[in-house]
Amino acid sequence: MPVALRSNLLQRKEFDAFPLDRPLERNWADGNRMATSVSCACGSARLRFHSPAPAFTGECCCEDCRQACEWAETMGCKAKVSHSDPTLLAYYQNDMCVEAGRERLRAFRLREGGESVRIVATCCYSPMCTDHPAYLKRVVLTFPQLSVVSPPPATPPDMLMVKQEWPTSFTPLASTGRDPFKGRAFNTHSDALFLATFVFRVLSRGRTGGLGSTVQGLVESLGGVHTLGLPKGQGLVGPTKGQTLTPPPPAGAGLTPIRVAGVAVLALGVILRARALKTR
Ligand SMILES: [Zn+2]
Ligand SMILES: [Zn+2]
């Protein structure tokens, strides 16, 4: 690699972990077909991800995914929350840029202490992408049912998440063929196997540095995160508006000693795997 280009790369902090002994990925220069675009419903705002396919996908039954979508609906987003399909999630590598409509984008969190930062296109209130500390700055979440993701992620989803929070008043997961799930299904966010599986998938993604900017940079450029103050778990639209929908957790669901031990062992495995990837 020419010295000038090499030193140029080193000045950009996104390249801090970029291995200089590997060839630069140039796919993005070939045009849109080698990347993924995420547009809002009206087409005014558009993000671009370096990767043409998600790192992994899932369907989430959790109350926060559902409430974020319902809030978007109250603001005018045309996509509606389904009472028979959990929220489809597609995680892309954190290598992205804004292609159009930066002035339309705003960052929100659902409530004080809410950890997800949700970037929404305020022209039509399409949720564009979301960041969370658990993504370790490696991946970014998108909602393919609520924005226009192109190419759309291939089905079926890799896992079914947070089954516990699927409301009993919605269509039962079993009657849509999801339970039992062909693949991995997890009951809660704190399920030890879920945490280990998720962190493993996140850490399995290296940094590509293709587009040179990240979701954290985008949030910073938007000048602050607006807090919505929504009550946790509360329905915001339709017949369940104003109700707290999540069923109570089953007895013995919290962090028992055996679960804590399980998480510790799995976390150790994940850390060792991450180290192995780093030194490879
Ligand atoms: Zn729009
Ligand atoms: Zn969720």
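Here is a short chat about the predicted model shown above.

Reader: Hi, I'm new to this one. How many helices and strands does the protein have?
Author: There are 5 helices and 13 strands in this predicted model.

Reader: And what's the average pLDDT?
Author: The average is 83, and 78% of the residues score at least 70. Over residues 1-32 the pLDDT falls below 50, and that stretch has 25 contacts in the model beyond near neighbours in sequence.

Reader: OK. How much of the protein is buried?
Author: Buried residues account for 34% of the 280 residues.

Reader: Which residues have the most contacts inside the largest nonpolar core?
Author: Those are Ala-72, Tyr-91, Met-128, Cys-129, Val-140 and Met-161, in a core of 54 residues. As a general point, nonpolar side chains tend to be buried together in soluble globular proteins.

Reader: Let's pick Cys-129. What is it in contact with, leaving aside neighbours within four places in sequence?
Author: Cys-129 touches Val-38, Leu-47, Ile-119, Val-140, Leu-141, Thr-142 and Val-215.

Reader: How many bridges join β9 to β4, and how do the two run?
Author: 4 bridges join them, and they run antiparallel. Tyr-91, for one, has Leu-141 in β9 as its bridge partner. Tyr-91 is also among the core residues with the most contacts.

Reader: Why do you count α2 as largely enclosed by the rest of the structure?
Author: Because 10 of its 12 residues are buried. They include Glu-63, Arg-66, Trp-71 and Ala-72.

Reader: And what covers the buried residues of α2?
Author: The cover includes strands β3 (56-60), β4 (87-93), β7 (117-121) and β8 (126-131). Gly-76 follows α2, with a positive phi near 120 degrees.

Reader: What about positive phi in residues other than glycine?
Author: Leu-136 has one, near 55 degrees, and Lys-137 has a positive phi of about 60 degrees. Leu-136 sits in the loop between β8 and β9, and Lys-137 is in the loop between β8 and β9 too.

Reader: Why does Leu-136 count as partly exposed?
Author: It has 13 C-beta neighbours inside 10 Å, so it counts as partly exposed. Lys-137 has 14 inside 10 Å, so Lys-137 counts as partly exposed as well. A residue needs 20 or more to be buried.

Reader: Last topic: which residues does a cis peptide bond join?
Author: One joins Ser-150 and Pro-151, with omega about -5 degrees. Another joins Asp-179 and Pro-180, where omega is about 10 degrees.

Reader: Where do those prolines lie, Pro-151 to start with?
Author: Pro-151 lies in the loop between β10 (148-150) and β11 (159-161). Pro-180 lies in the loop between β11 and β12 (184-185).

Terms used. Residues are numbered from 1 along each chain as its sequence is written. Chains are lettered from A and ligands numbered from 1 in the order in which they are written. This is a predicted model: local features need pLDDT of at least 70, side-chain atom pairs count only at pLDDT 80 or more; totals for chains, interfaces and linings use all residues. A nonpolar core is a set of buried Ala, Val, Leu, Ile, Met, Phe, Trp, Tyr and Cys residues joined through C-beta atoms within 7 Å. Two residues are in contact if their C-beta atoms, placed from the backbone, lie within 7 Å. Two strands pair if DSSP finds at least two bridges between them. pLDDT is the predictor's confidence in each residue, from 0 to 100.
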